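Visitor: Hello! Could you show me how to read some features of a protein structure, step by step?
Guide: Gladly. Let's look at it together.

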Amino acid sequence: MKLSFEINGRACDLDVAPMRRLLDVLREELRLTGTKEGCGEGECGACTVLIDGVPVNACLVPVAQVAGTAVRTIEDIADDNGVLTDVQRAMIDHGGAQCGICTPGIVVCAAAAIEREPDASRERLRELLAGNLCRCTGYQRIVDAVADAQAVRRGR
Amino acid sequence: MPAGETSSSTVGASVPKVDGAAKVTGAARYVDDLEVPGVLFGRTVRSAVPHATLKAIRLDPEFDWSDVTVVTADDIPGDNYVALNIPDQPALVPVGGSIRHVDEPVALVAAPTRERADAAVAHVHLDVDELPAIFTIEEALAKQTLLHGDDNVFKRFEILRGGDVEQALAECDIVVEGTYRTGAQEQMYIEPQGVVSWWDDRGACRVVGSMQCPYYVHKALKVILALDDEHTIITQAVTGGGFGGKEDYPSILSAHAALLARKAKAPVKIIYNRAEDIAATTKRHPARVHHRLGLRRDGTLVACDVDVVLDGGAYATLSAVVLSRAVLHAAGPYKFEHVRIRGRAVATNTPPHGAFRGFGAPQATIAYERQVQKAARAVGLDPFEMRRRNMLRLGDATATGQVLASSVGSDQVLDAVATRLGDDVPERAGLATAGGEVKRGRGLAFYFHGAGFTGSGEAHLKGKATVATTRGGGFEVRSSSTDIGQGSNTMFSQIAATALGIDIDRVSLSEATTEVVPNSGPTVASRTCMVVGRVVQEAAAKLRARLEKYAEQQGLGDCDLCDVARSHYAAEGEAAEMVTYDPPPGIEWDDETYTGSAYPCYGWAACLVDVAVDLDTYEVTVERCVHAVDVGKAIHPVIVKGQIEGGTLQALGWALWENVVYRDGRVVNASMTDCIIPTFWDAPDLDTILIEEPYPYGPHGAKGVGEIPMDGPGAAVAAALEDALGVPFDELPILPETIHRAVRGEGGS
């Protein structure tokens with residue numbers, strides 16, 4: 001199936017099987033390997049990407065569904081000059097990334113969360129991020145990091 | 001200030017993690033991210049029955065096998081066992097051989113696509129003669145079927161201290177007795193197990209994979225593939241979590257991928273899917289601990305008699321070592337006149353249980369802390385006072401007769417938690433945010449964890465690390481200790497930079513490949529920072545001294561060390577110093593009697609948990625968790641706190657939510673949907689307090705920290721639930737169903 005969508009700000013035309021997982025198309029066809037597979041069943045969130053700004057699990061999306069949409073992956077989260085976003089900076093400062101396999105998904109989800117709800121409480125942040133599992137950190141430092149990034153953003 | 005240090009020390013500062021930027025941008029390459037041209041996808045054909053004789057392996061003649069490589073035990077050029085402790089586990093079950101669990105590897109396939117490989121697996125058929133199987137500790141001890149020796153016991157230990165423990169218990173005012181059971185726990189690293197293997201032009205077998213211990217894989221592959229050191233090259237890829245689950249199991253995947261690559265003459269990648277990973281790989285040992293605790297009416301502990309049984313599963317793997325740690329922790333951080341501890345690890349027809357953070361100590365801790373808590377209630381002592389009255393302090397002797405000579409933060413961790421609480425007491429009953437009726441309770445646990453290998457282990461291991469100069473005037477640390485997320489690369493950089501007196505950005509870490517790095521020993525046992533970090537510190541100090549001498553000889557006395565290193569490199573090539581770990585003096589251990597210094601030192605911890613139980617749903621919310629841990633010295637406080645918080649939540653998960661369900665030896669909830677771990681939403685805010693009682697032989701006083709946070713929170717949760725509901729909880733996990741049964745008096749625990 002011929003398919004057009006936007007990937008990280010660029011137009012993309014592909015000829016792929018419509019039911020292939022978006023995750024596989026990103027990783028194998030487009031070599032965007034920052035999006036990870038942890039479970040393949042929509043539980044862990046390691047494959048979180050944004051479709052038209054909404055965080056979704058790329059392992060549950062048949063690629064046909066993204067026709068005509070704008071998809072953003074972790075590779076598009078840092079700005080063009082490789083400058084880290086507030087969330088990424090804060091994740092490093094607070095030690096929010098340990099093994100790092102869940103980190104791209106969490107950064108993508110957190111970026112969307114603070115965009116949509118800049119004033120979310122800590123409790124609300126936990127709810128917004130609850131679709132992403134991390135086994136290393138106990139979540140404490142990730143919540144600290146995202147809350148900090150929110151504060152930096154508000155201070156601007 | 002010890003030699004080799006300057007005031008520009010980065011130790012103790014939370015510098016940015018050296019791999020931080022790569023991880024937050026998605027640039028870090030894990031094994032499944034590596035581009036390997038022409039790679040085939042490998043899959044495993046598994047036994048599907050728990051106990052049987054394998055009669056035949058049949059390939060469906062109707063299936064198109066033209067692009068599929070099939071490997072069976074017949075293709076193994078070396079010896080067919082996974083080298084670890086006892087050579088009992090085959091890499092692949094041979095025809096005529098014995099199948100001992102449901103997920104045992106029997107054959108392997110590799111194909112150009114995943115879909116073809118999956119299809120091929122479905123067309124490999126096994127003929128088996130099924131045998132009676134055993135699945136529980138009780139069935140193993142009853143010898144219903146013999147799987148190992150003449151009693152199904154892989155290993156037993158006995159620790160004795162003082163006089164006749166039976167007589168001592170008989171003379172005590174009070175004896176508290178209980179049996180404590182804990183279930184299997186899945187490590188659930190978010191990156192499943194995976195490796196890629198190929199054979200290079202000179203006939204060397206190469207493996208790159210997600211792993212904790214490249215030299216374990218090295219050892220196993222040499223045996224299975226009949227290779228020498230030089231032709232076996234094992235490299236750790238960036239690893240997405242381990243927690244023990246990637247200690248020994250990667251040897252099996254690596255052997256499989258290498259066998260397929262050898263036969264297919266092409267690179268082969270094996271990445272487990274989540275269901276396969278949960279079902280087939282190792283988990284925390286299920287345990288049954290029977291504990292008798294004798295005390296005087298004033299609360300003084302006198303004697304304990306403990307019987308620990310671990311379910312080792314189908315093969316010996318690491319069970320003897322896990323059992324060792326369980327028995328060595330079974331008396332807890334308390335003084336006793338009389339101790340008897342007996343331990344057995346038994347064989348069952350379940351996939352082998354193995355390493356998971358804590359390594360036997362958590363199973364022991366839940367038992368002794370439940371016992372001490374019950375004893376405190378029996379004599380009417382406050383939980384803090386009960387511990388203070390009986391705890392080990394500097395100069396006291398442990399159950400193995402080890403006199404604690406330094407770094408004992410027992411009082412400090414307890415005091416830190418008490419101080420944090422002040423006069424605060426939880427509201428006993430009330431309403432949850434959702435409006436339902438709740439009951440609240442508070443629980444305390446106090447515990448210790450031996451850091452590093454047991455007894456003479458480190459002396460046998462002789463862990464090595466190298467620090468070398470690089471062309472550009474920098475320094476490289478070479479060690480087989482793998483950074484699996486715990487931050488060892490950052491801490492090693494800090495330790496080396498501090499010893500060299502240079503900026504941290506002049507230090508790099510070599511890739512952990514057996515081609516380049518010496519064997520530092522495995523990345524396990526809370527030993528990486530304490531033991532290997534110490535070796536890195538000494539190697540760096542030695543290299544610095546050598547370069548300073550060179551500078552003096554060459555009249556470069558005013559140059560900084562990086563400039564000296566650069567000119568030295570230009571003149572003479574690389575300068576490298578490799579140091580071998582030298583265990584501290586006074587570590588005497590007797591493997592025969594199990595007496596002496598069981599560990600070079602101990603971490604100490606206290607954890608307090610407040611819970612709320614919803615009386616309609618029996619759901620438990622952890623409302624507060626205060627955890628004080630004596631870490632010796634926090635080389636990097638943010639990393640150290642992160643270790644403690646991560647371990648704490650794994651422990652809370654083990655206590656309340658995580659439940660691996662087996663039916664006839666098979667995991668029946670092998671998915672992340674059904675085999676749950678805590679989410680952001682389940683986790684409380686974690687209040688972590690670092691206590692620093694320096695260990696004189698660790699780098700800057702640091703001692704092991706990775707495992708201790710896993711040991712105690714489960715006991716604190718059980719105590720808090722007993723406090724809330726007035727009934728004891730002696731099994732983990734404590735699920736809503738467990739609470740429901742317990743409060744209805746149905747003996748849920």
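Visitor: Which residues line the second largest cavity?
Guide: Here is the general idea: rolling a probe the size of a water molecule over the atoms shows where empty space is left. In this predicted model, the second largest cavity is lined by B:Leu328, B:Ala331, B:Gly332, B:Thr398, B:Ala399, B:Thr400, B:Phe448, B:Ala598 and B:Tyr602. Its volume is about 70 Å³. Sorted by class, that lining holds six nonpolar residues, three polar ones and no charged ones.

Visitor: How many cavities of 30 Å³ or more are there, and what volume does the largest cavity have?
Guide: The count is seven cavities of 30 Å³ or more. The largest cavity takes up about 110 Å³, and 14 residues line it. Nearest its centre you will find B:Val82, B:Gln89, B:Asp248, B:Ile252 and B:Thr317. The lining of the largest cavity divides into eight nonpolar, four polar and two charged residues.

Visitor: Let's turn to the two chains. What is the area buried between chain A and chain B?
Guide: The size of an interface is often given as the accessible area lost when the parts come together. For chain A and chain B, that buried area is about 4,100 Å², with carbon and sulfur atoms giving 56% of it. In terms of residues, 48 from chain A are in contact with 53 from chain B.

Visitor: How many residue pairs are in polar contact between chain A and chain B?
Guide: There are 32 such residue pairs, counting those with both residues at pLDDT 80 or more. On the side of chain A that touches chain B, at least two residues come from each of α1 (22–29), α2 (86–94), α3 (103–116), α4 (122–128) and α5 (140–155) of chain A. The one that gives the most is α2(A), with five residues. By class, this side of chain A has 21 nonpolar, 13 polar and 14 charged residues.

Visitor: And how many salt bridges cross the interface of chain A and chain B?
Guide: Side chains of opposite charge can pair when their charged atoms come close. Across this interface there are nine salt bridges. In one salt bridge, B:Asp33 meets A:Lys36, at 2.4 Å from N to O.

Visitor: How many salt bridges are there over all chains?
Guide: A search of the whole structure gives 68. A:Lys2 and A:Asp15 also form a salt bridge, with their closest N and O atoms 3.7 Å apart. This pair links distant parts of the chain, 13 residues apart: A:Lys2 sits in strand β1 (residues 2–7) and A:Asp15 in strand β2 (residues 10–15) of chain A.

Terms used: Residues are numbered from 1 along each chain as its sequence is written. Chains are lettered from A and ligands numbered from 1 in the order in which they are written. Side-chain values use heavy atoms; hydrogens and water are left out. On a 1 Å grid over the protein atoms alone, a cavity is a set of points where a 1.4 Å probe fits but cannot get out, and a pocket is an open set with protein on both sides within 12 Å along at least five of seven lines; lining residues have an atom within 4 Å of a point. Grid points are joined across faces, edges and corners, and a volume is the space filled by probe spheres set on the points. Ala, Val, Leu, Ile, Met, Phe, Trp, Tyr, Cys and Pro count as nonpolar, Asp, Glu, Lys and Arg as charged, and the others, Gly among them, as polar. Contact means heavy atoms within 4.5 Å. Buried area is the accessible area (1.4 Å probe) that two parts lose on being put together, summed over both. A salt bridge is a side-chain nitrogen of Lys or Arg within 4 Å of a carboxyl oxygen of Asp or Glu. A polar contact is a pair of N or O atoms within 3.5 Å; within protein, one must be able to donate a hydrogen and the other to accept it, and residues adjacent in sequence count only if both atoms are side-chain atoms. Helices (H or I, at least four residues) and strands (E, at least two) are DSSP runs, numbered from the N terminus.
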